[in-house]
Amino acid sequence: MKLELRGITKRFGSLVANEHIDLVVEPGEIHCLLGENGAGKSTLMNVLYGLYRADDGEILLDDHPQNFQGPGDAMRAGIGMVHQHFMLVSVFTVAENVMLGHEATKGGGFLDLATARQRVRDISARFGFDVDPDAIVEDLPVGVQQRVEIIKALSRDAQVIVFDEPTAVLTPQETDELMGIMRELKAAGTSIVFITHKLREVREVADRITVIRLGKVVGEASPTASNAELASLMVGRAVELTVHKDAPKLGEKALVVEGLTVRDAVGTNVVDDVSFEVRGGEILAIAGVQGNGQTELTEAILGLQPLVRGSITLNGTELTGRSVRGILDEGVGFVPEDRKVDGLVGTFTIAENLMLDRADGAPFVRAGTIQRGALEAFAEEKFAEFDVRAQGIDTPVGTLSGGNQQKVVLARELSRDLSLFVAAQPTRGVDVGSIEFIHKRIVATRDEGVPVIVISTELDEVAALADRIMVMYRGRIVGIVPGDTPRDVLGLMMAGEAPAGEGAAA
């Protein structure tokens with residue numbers, strides 16, 4: 001089926017998310033929609049899938065105009081979508097999820113689960129999915145859950161399937177398997193729209209590439225284009241993609257974590273007897289698929305987790321049991337994984353956000369009064385040093401792009417004398433140009449002798465920054481390995497397989 005979008009425009013109030021976008025996807029083609037988070041890719045596909053109504057433009061399938069009133073219309077027309085966050089009912093079986101929304105019945109109005117099971121088996125056999133129709137979804141690995149989403153689309157005879165950031169929650173091995181599935185779908189005549197911001201995946205699987213920046217199509221490219229060329233199209237300027245760093249100059253043991261256990265509200269160990277150390281002047285990257293205890297480990301170090309056992313010492317000072325304020329006062333800088341919720345106050349200005357963790361005294365507060373002169377001088381200096389793109393320091397931080405918001409967080413956290421720097425998902429939702437800047441600042445902090453922890457689900461980022469890599473799976477450490485450990489080994493570790501040979505606990 002040929003898909004064509006003509007002049008699609010979608011506005012949210014004064015924000016133009018898509019502006020006169022044209023896109024053609026030929027039958028049996030993998031067409032990649034490349035752009036940074038916030039570029040308008042997902043909005044465009046939500047228009048195609050009937051979740052949004054376009055303000056202008058039209059959708060054509062095999063040259064016939066469509067008028068989708070909702071996702072049901074899109075599905076009936078042959079459009080399927082595999083969302084970044086799976087649309088599955090976790091306590092249902094695979095077969096129940098596949099039939100959900102178009103339930104077939106037999107004598108007396110009973111659900112025809114037998115037909116649904118057979119449909120799952122037929123599609124699994126055709127594409128080599130190996131999915132049990134009677135398995136409960138919540139018991140399945142993430143990669144298999146994604147296959148269930150694909151089976152859902154195929155069971156409804158989808159001829160065009162949209163994959164929206166499909167590798168965000170996958171291990172490298174699962175990502176490779178998904179690439180193989182996409183090629184099989186293409187060979188069977190299915191048209192695929194692949195939404196991503198990961199250059200390596202684009203070049204590996206796409207037939208054609210359309211680049212979107214700030215809601216507009218800014219160019220098309222061939223998969224033979226270099227990463228530098230694609231990044232330049234995405235950002236609008238040349239971008240240095242390689243992180244340059246010298247060998248670490250290791251200092252003494254700074255952070256020592258021993259037997260750390262964190263329990264959730266129902267008593268489950270989400271961090272289970274974890275021990276490791278970080279020396280001055282090194283970057284320890286913590287890798288793993290999201291949801292394997294990395295967030296809770298980070299929160300325990302910062303004093304944000306109440307249900308903690310074990311010991312966390314920084315330069316000999318015990319942090320466990322101390323308040324967040326007390327831990328920050330020990331020289332801990334922290335970039336949270338959700339900057340909007342935990343890192344910034346959106347209605348405050350850039351200047352006000354830069355003093356958030358130092359609002360209890362000099363130089364910014366005296367006798368309960370903000371010292372505007374000192375704050376403005378400091379804010380202007382950091383505004384320039386961290387290349388924040390805004391009208392000025394009085395701009396509300398909530399109006400900035402993701403990359404500039406992250407620069408404000410970094411400017412605040414790196415402007416103190418640090419004993420430890422913890423950065424969780426430091427480039428999530430950030431454009432390629434800002435990633436370049438953020439990585440350089442992290443390496444510079446390490447080169448000043450500060451111990452650095454980077455928590456990231458992006459394996460490319462882990463490999464670029466890490467001196468050592470600690471992989472977590474289901475709350476435990478699978479292994480701690482050198483920073484140059486191959487991707488395939490790290491991928492197996494992320495799936496719970498311990499590394500072989502020396503260096504497994506380096």
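Figure 1. A salt bridge here is a side-chain nitrogen of Lys or Arg within 4 Å of a carboxyl oxygen of Asp or Glu. This is a predicted model, where local features need pLDDT of at least 70, side-chain atom pairs count only at pLDDT 80 or more, and totals for chains, interfaces and linings use all residues. Residues are numbered from 1 along each chain as its sequence is written, and side-chain values use heavy atoms, with hydrogens and water left out. The chain has 17 helices and 24 strands; these are DSSP runs (helices H or I, at least four residues; strands E, at least two), numbered from the N terminus. Of the 506 residues, 52% count as buried, where buried means under 20% relative accessible area, exposed means over 50%, and partly exposed is in between (1.4 Å probe, protein chains only). Along the principal axes, the C-alpha atoms fill a box of roughly 75 × 50 × 45 Å.

**Figure 2. Strand β1 with its two partners, β2 and β4.** Strand β1 covers residues 3-12, and seven of its 10 residues are buried, so the rest of the structure largely encloses this strand. It runs antiparallel to β2 (residues 15-25), with seven bridges joining the two, and antiparallel to β4, with five bridges. Strands count as paired if DSSP finds at least two bridges between them. β1 and β2 make a hairpin with two residues between them, and G13 in the turn has a positive phi of about 65 degrees. Over in β4, E58 is the bridge partner of R6. R6 also has a salt bridge to E4, at 2.9 Å from N to O. E4 counts as buried at 14% relative accessibility, while R6 is partly exposed at 37%.

**Figure 3. A nonpolar surface patch made of F12, L15, L51 and Y52.** Patch members have over 30% relative accessible area and no salt bridge; nonpolar side chains (Val, Leu, Ile, Met, Phe, Trp, Tyr) are joined within 5 Å, like charges within 9 Å. F12 stands opposite L15 in β2. L51 sits in the loop between α1 (41-48) and β4 (56-61) and is partly exposed, with a relative accessible area of 43%.

**Figure 4. Two salt bridges, R416 with D357 and E385 with R441.** The side chains of R416 and D357 meet at 3.6 Å, N to O. R416 lies in the loop between α14 (402-413) and β21, and D357 in the loop between α12 (350-354) and β19 (365-366), so the pair ties together parts 59 residues apart in sequence. Both R416 and D357 are buried. In the other pair, the closest N and O atoms of E385 and R441 are 3.0 Å apart. E385 is in helix α13 (residues 372-385) and R441 in helix α15 (residues 432-447), so this pair links parts 56 residues apart in sequence. E385 is partly exposed, at 31% relative accessible area. Salt bridges that share partners also join D357, R412, E413 and R416 into one network.

**Figure 5. A423 in strand β21 (residues 420-424).** A423 is buried, with a relative accessible area of 0%. Leaving aside neighbours within four places in sequence, A423 is in contact with V335, I453, V454 and I455; contact means heavy atoms within 4.5 Å. The C-alpha atoms of A423 and L410 are separated by 9.1 Å, with the two residues 13 apart along the chain.

How values were computed: Accessible areas come from the Shrake-Rupley method with a 1.4 Å probe; for residues, only the protein chains shown count as cover.
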